[in-house]
Amino acid sequence: MLTKPKLMNPTPSDPSVAAEKTQSPHHFSLSVVTGFTLLGLLVTGIWDFGGFSANLQSFYNSAAYGGNYKLLTAVSILFEGKMQSLLGIVFGAGIVLLMQRKSYPVPIQGPDVLIRRQIWFIILGLLLAFILLWPEDLLYPFGIVGILLFAFWKLPSRSLLIVALACTLIYSGKLFWNYADDKSAYQKYLAVKKVEKKFADDSATRAKKYPFDKTKDSASQKPILAQKKLADSLAKKKDTLNSRQAGEKSIWEGLAKNLTYDSTKTVSQNKSMRAGYSKLWFYVKNKSQAKESGWLYRMGVWDIGSAMLLGMALWGMGFFSRRFSSSTYLITAMVLFALGVGLAWLRIHNNAPHLTDYAKYVESHLLPYNLFYPIEKLAMATAYASLAIGLINASFLQWFWKGFAAVGNMPVTNYVLQVFLGCFIFYGYGLGYYGRFEQWELYTFVAEICLVQVVFSVLWLRYYPMGPLEWVLKCLIYRKRFSNTFDRTVSTTN
Amino acid sequence: MDQYIELGAAPVASADRIKSIDAIRGFALLGILMMNIPGFGMNWDFWYTIFTGPRSGYDYLTFKGVEVFFQGTMRGLFSMLFGAGMVLFMMNKKEQAGQPSVAVYYYRRLLWLVFFGMINAFVILWFGDILFYYGLFGMILFAFRKLAPKWLLIIGVACILFGMIQSAWRWSETREKRATYIEAMAAKKEKKKLTEEQQQAITAWQQIEKVPKPDTAATNENYRKMHGSYTTVFSYWVPMNAENEINGTYYGLWDMLAMMFIGMALFGWGFFTNKLSTSTYAMWMLLGYGIGIPFGFFLFHVDINAINHRVEFVDRWRMNPWTFQELRRVFITIGHASMLMLLYRSNWVPWLMKALSAVGQMAFTNYLMQSIICTFFFYGYGLGYYGNLHFHQIYYVVAGVWVFQLIFSSIWLRYFRFGPFEWVWRSLTYWKKQPMKL
């Protein structure tokens, strides 16, 4: 249907595209930031791989002192959620990049390439979640949100920023709404408690009203005793909570219990995660399904969507093409860092009372502890990208940038590799180290995996133009077998 | 108007519309109300009451007729035509230089559909909304639009199979729970100490056994809330709607996608565009009804059994017959479609076909209007008939809405290009006010 003359021309063989990728400045910046993000994902990802669970975190967070607390706080301020937002930003930029391509290796329209790619991401994500058993997989939600937001790619940057802001506010609003729900659950709980207290008082008064005097002749007391028993049992029947009240009571109790540290929970979780494959499958399945359905619907769309839209806007503004001066990038980074760290501090400052006594927190706080988390994440993620691009010409960092860029040039391979290594090292079907390491010890694994990824990426790209999974995806998307070797003529000019 | 035609990616002029598709869509749209009306008008307990009640009387017969002949098939027909409509939309539009590509319009259109679906669910407060899902699943169909009909059919059948596997899996889980329960009860009889797992198995099974029985407290609550003010009904439905949309999207995907793919395949073969021979349509009608309807009767009686003798039912069937209900749906749906195509060709009731195609042409308007009329008629902030009519009586309301929509659509399209909500939808999609008057 679409007759673009350029489309019919199959000349640009892939190596040239790959070569262009390593040369042009915006591709290089984007690759560096992508590589940095992928490695950075591990910093909090390792919590889930290695068994530093939310339960354990709440233990350290509510204590609020000590080395573990400081490390956790530092990671939480600098990394938690930020890398996911940054991934959203580069993903959004990548969508526009893909759509702006002038030609594709086979005659096909841009939207088809994009939608097929997204569907393959979804399928790959399902494999990660249900075969490798990684419930925190990002390919599935990113695949879906990419499809949802596809229609926005051509909007001007200003409109994109407005839509991104709207998504951020909705995300924030949803956090507030959740908190309001918790608050009303607490109010209902208090009401039920009152009723319960009244029941207890009633039965106490009843006991006083009909005292049974043991000194008297028991035979003469028998009918009175029987009557009393009957009255008592009738009253008791009336004096138990009905199912609605019992439900309201248990909702709040469950909420509060969920926040407090419970050592048995960690023990049983460790046991489940170290179990064999089939047991582990059933254990992880529910988590994955909950993330792919409920979380994505309630939070994920807004969370990931705001970042992707911001990424599209930044791309359109020339942010990744180094349109601005280095000092502009650095100043932007500083300002956004300050904003992000400030908001993160506020969040962490309120998190401890929120964890230690949620009832008290609900009574005394108008706003949830994480209300500004969506803004914090985006600000800090943009700050990282800005910092990297601002320093991209610094000569002493060239080694780093090349390493990051290599990782970023094969993002899917590296993401899957990371998940594979993490699962293999820690899960029961692999080496089974889940929950056996201290928080700081886990970071030696992070360093190790990062090193493996950088070395692997650099070496691989020396011999092949594309990462292995990137190549497979390309063949699947264009439904044609391509070769994954350098064209000699191009590699000499490179 | 000239300018409007020149705009490449723009709504289809009414002359180009395929009337046969509109007629079937109109039929499906009116039919959908038959399935939806109990949801608008009464608590789901009616289901249990009728299944366990006497096997005669208007209520029972109405219910049986609707269940056997129509349940799921109108949704199926509508899904098929949605798939076909997607291909049509992409085919009808030409790419224009300097304009967003057709694909962008397609996705914008679907995003607005998702939005309208949420309005239908969260503002009009109709929990059975389907627009939300259609908007989302349509986004997947796009990648398959150029596939050969044969492959589309294969994918559609694969979706059905996947749904069946899921359902069979759930059934085997139920039976497993039953088995552990029996074991645990035997152990209890022998006064052995029960393990924690066995304790759980007992409560789990007791929960399952209880499921179909109505919970009077919940029913009363439901009745009270539905007769409340708008804010009462609103806050009652919001959490449940969210839950519905989550589960419907994540677990209900196969059911809808299957029909959409089959619809795309049938469209590719020219089924909906009146391109097959009369004998082919006749054959498919006989085949569809011939297999689907007897199977439907069988399933209906299976259902009666399942509810009246729950325990025996679980013990009796290694494979739940309901696993195969998708097949019944597909066959009857194809039967309906063939019957309509025959009726359309025979030119036997041209006035009805014309009216139906008017309804189908304004399908979006009519769908939302059904929600508006029915919520107003039944909910507390409207006329408040919720729960106050017998099962067969709510079908008088259906008949009323049908007559109204047939007449209203025919008259409206005499003066305007599109239905009112279609106009809003299109204007939003193209981000430009569309011409309305003919």
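# Briefing on chains A and B

Phe272(B) touches Ser20(B), Ile21(B), Ile24(B), Ala84(B), Leu266(B) and Phe267(B), leaving aside residues up to four places away in sequence. This residue belongs to a predicted model, and Phe272(B) lies in the loop between helix H12 (253–268) and helix H13 (278–308) of chain B.

**The largest nonpolar core**

- The largest nonpolar core holds 208 residues, and of these Leu309(A), Met312(A), Ile24(B) and Met260(B) touch the most other members.
- The largest share of this core comes from H12(A), which supplies 13 residues.

**Helix H16 of chain B**

- Helix H16 of chain B covers residues 350–361, and its 12 residues should span 16 Å at 1.5 Å a residue, which agrees with the 16 Å that separate its end C-alpha atoms.
- The buried residues of H16(B) are Met353(B), Ala355(B), Leu356(B), Ser357(B), Ala358(B), Val359(B), Gly360(B) and Gln361(B).

**How H16(B) meets H18(B)**

- The axes of H16(B) and H18(B) are 8 Å apart, and the two helices pack at an angle of about 80°.
- H16(B) is therefore roughly perpendicular to H18(B), since angles of 65 to 115 degrees are counted in that way.
- On the side of H16(B) the contact is made by Ala355(B), Ala358(B), Val359(B) and Gln361(B), while H18(B) contributes Gln405(B), Leu406(B), Ser409(B), Ser410(B) and Leu413(B).
- The residues of this contact of H16(B) with H18(B) divide into five nonpolar and four polar, with no charged residues.

**Where chain A touches chain B**

- Between the two chains, 17 residues of chain A are in contact with 17 residues of chain B.
- Helix H6 (110–130) and helix H12 (277–316) of chain A each supply at least two residues of the side of chain A that touches chain B, and H6(A) gives the most to that side, with five residues.
- The residues on this side of chain A comprise nine nonpolar, four polar and four charged.

How values were computed. Residues numbered from 1 in each chain as written. Chains lettered and ligands numbered in written order. Predicted model: local features only at pLDDT ≥ 70, side-chain atom pairs only at ≥ 80, totals over all residues. Helix = DSSP H or I, 4+ residues; strand = E, 2+ residues; numbered from the N terminus. Expected span 1.5 Å × (residues − 1). Buried ≥ 20, exposed ≤ 12 C-beta atoms within 10 Å, placed from the backbone. Contact = placed C-beta atoms within 7 Å. Nonpolar A, V, L, I, M, F, W, Y, C, P; charged D, E, K, R; others polar. Core = buried A, V, L, I, M, F, W, Y, C linked by C-beta atoms within 7 Å. Axes fitted to C-alpha atoms, helices over the stretch in contact; angles between N-to-C directions. Parallel < 35°, antiparallel > 145°, perpendicular 65-115°, else oblique.
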